[in-house]
Amino acid sequence: MKSKDADMKIPESELEAEDRGAEEERPRESDSNILDLSSDYPRDKHISIQRHLADLEKLADLRDDERKPCPLCPEEKFKACYSHKLHRHLQNLHWKVSVEFEGYRMCICHLSCRPVKPNLVGDQTLSKMGAHYHCIICSATIVRRTDMIGHINRHVNKGETESRFSTVRAPKSSYKVVKESATDVQVLPNHSTPQKTDSYFNPKMKLNRQLIFCALAVLAGERKPIECLDAFGATGIMGLQWAKHLRSSVKVTINDCNENSVTMIKENCHLNKMKVKLNSREEDNGETVGNGEENSDTIEVTKMDANVVMHLRSFDFIHLDPFGTSVNYLDSAFRNVRNLGIVSLTSTDISSLYAKAQHVALRHYGCNIVRTEYYKELAARAVIAAVTRAAARCNKGIEVLLAVALEHFVLVVVRVIRGPTTADDSAKKVRYLIHCQWCEERVFQKEGNMVEENPYQQLPCDCHGSMPGKTAVLLGPLWSGALFNTGFLRRMLLEAVQYGLDEAQPLLKTLVCEAECTTPKHFSTHSPGDENKQEECGVYIRTQNTSAESYLVHGKRKSEEVLRSAAKRQRAEHCAEHPPFYYNVHRHSIKGMNMPKLNKFLNYLSEAGYRVSRTHFDPMGVRTNAPLVQFKTILMKYSTPTYVGAQAEGPVHLPGEIQVGEEVPAAAVMKVEEAEGAEDKSGVATTVFTESYPTHCAAE
């Protein structure tokens, strides 16, 4: 040691004594800042958090011959006392009135740790020492014990069981393992109602995940390998299912902008024995794979904004499933998606799409919609219209493969075809819809730029002539083309059977019937025009050399001539598209009449010469090309009165010479006026027929 005046030498014995003294003083200094030297938590916890009562007594340094103050109370609240009295004070006040969490106790603290507003009484200021608790996780100070318990429970629900200053992950016990389609994922306890920083896992979306998997499996059969992106990974369940079942056919990339979600995705990859690729390096619990090796069990995990990752790279298959609407990511998705690739998007903003918040639908989708009987199909067509406009801005057209609207989501799957010609053809299918508010008849506006003097004339009904004022509204713009591709749906059904996806199979069969506009009775898993077909698991499909859906052969793309010929052949096969929209049977039923069973009613419509099928949008909906007038006529003919003593079951004979199947003038159709009749005192309902009220405008 050197001073200013002279150099002084200190003996080694004195230095060693000082070192020993410093080592003895360190534990005492650290006792005021840490919980326990053997604790797994960081050493910045408050002294009121201890494992055992003995640890709390060590802080007081109890001795029989000396007075000691309480380490958790100020001098003015609890004066220094002997060991036996201090022991009772620590046990009865601080230790018993505590909150327990994972072996630790957060004792009540009376120190001036928490700032308390002073109470002004006259000219004097009274300082109040507030009792409080210190959180073991976030170091927050909570006054009430019940509030502290709720505060800790919120941390547990978020999966935060370690201090935010600790680099150690939360213990495995705080997670819940969920298994779906032979894939295990760890989820947080609040996975169904997460916070903004948590990962979301919805078990109700299992059907959605199965449909997307089937679509990807069909694309994987056309070209190998394909690069697919799950832009919003959350727990990574969807990307893990892709990689686990399709193996070397796909190169999976799971993206999420949330750091907690990315960490959970990595853990779920290791849980399913998948390697994780980060920044061109592959990890598997410390093991790395060389760049020259190819591993089919490798998943690339990225932490970026979804728009950024889709701008930087090209993909064959992109799935968008954000929270709410997907319109903010459509431009990025269509920018770099490869030709003949597939883009699928799930929209969960059903409040706006189902016309509960019409101003939000106008803001997000640029579409004017109202609540109608076919509101679910209206929502699907509004989403497809937004997708079409986004693809057209990138000089790309779309072919709708699948559109599903259920209770919780709207799923749209489209194939992307490059070229300005296809973009123009797709854009022309975005039209406005004329909807009658009286009878709910609807028709798409005709093509052309000429303004019509009376657009109501395009409607089949004559409500605009018989009713005062405006009777119709203009909805849209909406997608006016087909919502399904029959060949693609059949191949999806095959994949669902092959991989044992039981929940998706009934829906896919309904979609095939809906796409062909046939009843389940006439449902066939193969088309009559198929010459070369294969059978697998009871499902007929075309072989790849004759399929209009297979645009690639052995990973190589066909020439433009072959593509054009395949498109022409496909248009010829699907020239008879399914009719747009559907009618609800209950909506148009007649009061006081028992309508026939739905399947029998479908047969009656089919016997009348109309195409008819059920629809997945509405369990009581009927998709048919019959006009609403004929629909109501057939429904009324085969309905039976509900009152006792009426005629036996059978068709109701209408007055006049109206024959089912003929084009019936709207003004001359007989109608039941409110058909419930007037109930007399005996409770027997009578039915009154009239000719003055139009058929399509009655019985609302």
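Buried, on this tour, means under 20% relative accessible area, exposed means over 50%, and partly exposed is in between (1.4 Å probe, protein chains only). Helices (H or I, at least four residues) and strands (E, at least two) are DSSP runs, numbered from the N terminus.

You're looking at a predicted model, where local features need pLDDT of at least 70, side-chain atom pairs count only at pLDDT 80 or more, and totals for chains, interfaces and linings use all residues. Residues are numbered from 1 along each chain as its sequence is written, and side-chain values use heavy atoms, leaving out hydrogens and water.

**Stop 1: helix H6.** Select residues 237–246. Of these 10 residues, 8 are buried, so the rest of the structure largely encloses H6. Among the buried ones are Trp242, Met238 and Leu246. Step on to Arg247, which follows H6 and has a positive phi, near 55°.

**Stop 2: helices H5 and H15.** Now pick residues 206–222 (H5) and 486–498 (H15). Their axes, which are lines fitted to C-alpha atoms over the stretch in contact, come within 9 Å and cross at roughly 105°. For contact (heavy atoms within 4.5 Å), show side chains including Leu211 and Val218 in H5, and Phe488 and Met492 in H15.

Stop 3: Strands pair here if DSSP finds at least two bridges between them. This open sheet runs E1-E3-E2 with antiparallel pairing. E1 (49–50) and E2 (98–101) are at the edges with a single partner strand each, so one side of each has no neighbour in the sheet. Zoom in on Gln50, which sits opposite Arg105 in E3.

**Stop 4: salt bridges.** The whole structure has 18 of them, each a side-chain nitrogen of Lys or Arg within 4 Å of a carboxyl oxygen of Asp or Glu. Start with Arg313 and Glu227, at 3.5 Å, N to O. Arg313 is in the loop between H8 and E16 while Glu227 is in E10, so this pair ties together parts 86 residues apart in sequence.

Next, select Arg381 and Glu377, at 3.0 Å, N to O. Both belong to H12, 4 residues apart, about one turn of the helix. Are they buried or exposed? Arg381 is buried at 0% relative accessible area, and Glu377 is buried at 0% too.

Methods: Axes are lines fitted to C-alpha atoms, for helices over the stretch in contact, and angles run from 0 to 180 degrees between N-to-C directions.
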